[in-house]
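Subject: Structure for your records, with notes

Dear colleague,

Please find the structure below, with my notes after it.

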Amino acid sequence: NDYAEYNRSTGSFEWDTDLILEEIRRVRTNKLAGCDWTQVSDNTLTEEQKAEARTYRTTLRNITEGLTLPDHVDDMVWPTPPSFLP
C-alpha cells in the first residue's frame, strides 16, 4: 500500500493519513482543473449547465470536509460530473 508502512515491532501496518489526504487533494485539483473552463464568461454553456458545473465544483472543493479517509484513494467516492464534462 502506498499509504502505510509495516511496523515490525507491533506486527501491524501504520497508516499515514496525511499521504492519503494529500493524494485525494491532488486528484481533486486535477478534476477541478479539468472543468475550469466552465467558469469563464465566454463559454457556450447554458445557464443551467453553468449552475450544474458550479455545484459540481463546490462539491469537489468541499469533499474533504468531514471525510472518513479511505484506505486508498481508489476507494474514494467522487461526485458524478455533469454529463457535458469529459
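This is a predicted model: local features need pLDDT of at least 70, side-chain atom pairs count only at pLDDT 80 or more; totals for chains, interfaces and linings use all residues.

Residues are numbered from 1 along each chain as its sequence is written, and side-chain values use heavy atoms, with hydrogens and water left out.

Helix H1

Helices (H or I, at least four residues) and strands (E, at least two) are DSSP runs numbered from the N terminus. H1 comprises the 17 residues 17-33, and its end C-alpha atoms are 24 Å apart, in agreement with the 24 Å that it should span at 1.5 Å a residue; the expected span is 1.5 Å times one less than the number of residues. Its buried residues (buried: under 20% relative accessible area; exposed: over 50%; partly exposed: in between; 1.4 Å probe, protein chains only) are Ile20, Leu21, Ile24, Val27, Arg28 and Leu32. They cover an arc of only 140 degrees around the axis, which puts them on the same side of H1; the arc is that of the directions from the helix axis to the C-beta atoms. An α-helix has 3.6 residues a turn, so residues three or four places apart point the same way.

The buried residues of H1 pack against strand S2 (12-15) and helix H2 (47-61). Exposed Asp18 and Glu22 are carried on the face turned away from that buried side. At the N-terminal end, Asp16 caps H1, with a side-chain oxygen 3.1 Å from the backbone nitrogen of Asp18.

The loop between H1 and H2

Asn43 is found in this loop and is buried, at 13% relative accessible area. Its side chain reaches the backbone oxygen of Trp37 at 3.5 Å, and a polar atom of that side chain lies 3.0 Å from the backbone nitrogen of Leu45. Asp36 lies in the loop as well; Asp36 is partly exposed, with a relative accessible area of 39%.

Ring contacts

The structure holds one aromatic pair. Tyr6 and Phe13 form this pair, which is edge-to-face, at 5.3 Å centre to centre and 70 degrees between the planes. Rings of Phe, Tyr and Trp (its six-membered ring) pair if their centres lie within 6.5 Å; planes under 30 degrees apart count as stacked, over 60 as edge-to-face and the rest as tilted. Tyr6 is partly exposed at 47% relative accessibility.

Yours sincerely

Key:
Contact means heavy atoms within 4.5 Å. A polar contact is a pair of N or O atoms within 3.5 Å; within protein, one must be able to donate a hydrogen and the other to accept it, and residues adjacent in sequence count only if both atoms are side-chain atoms.
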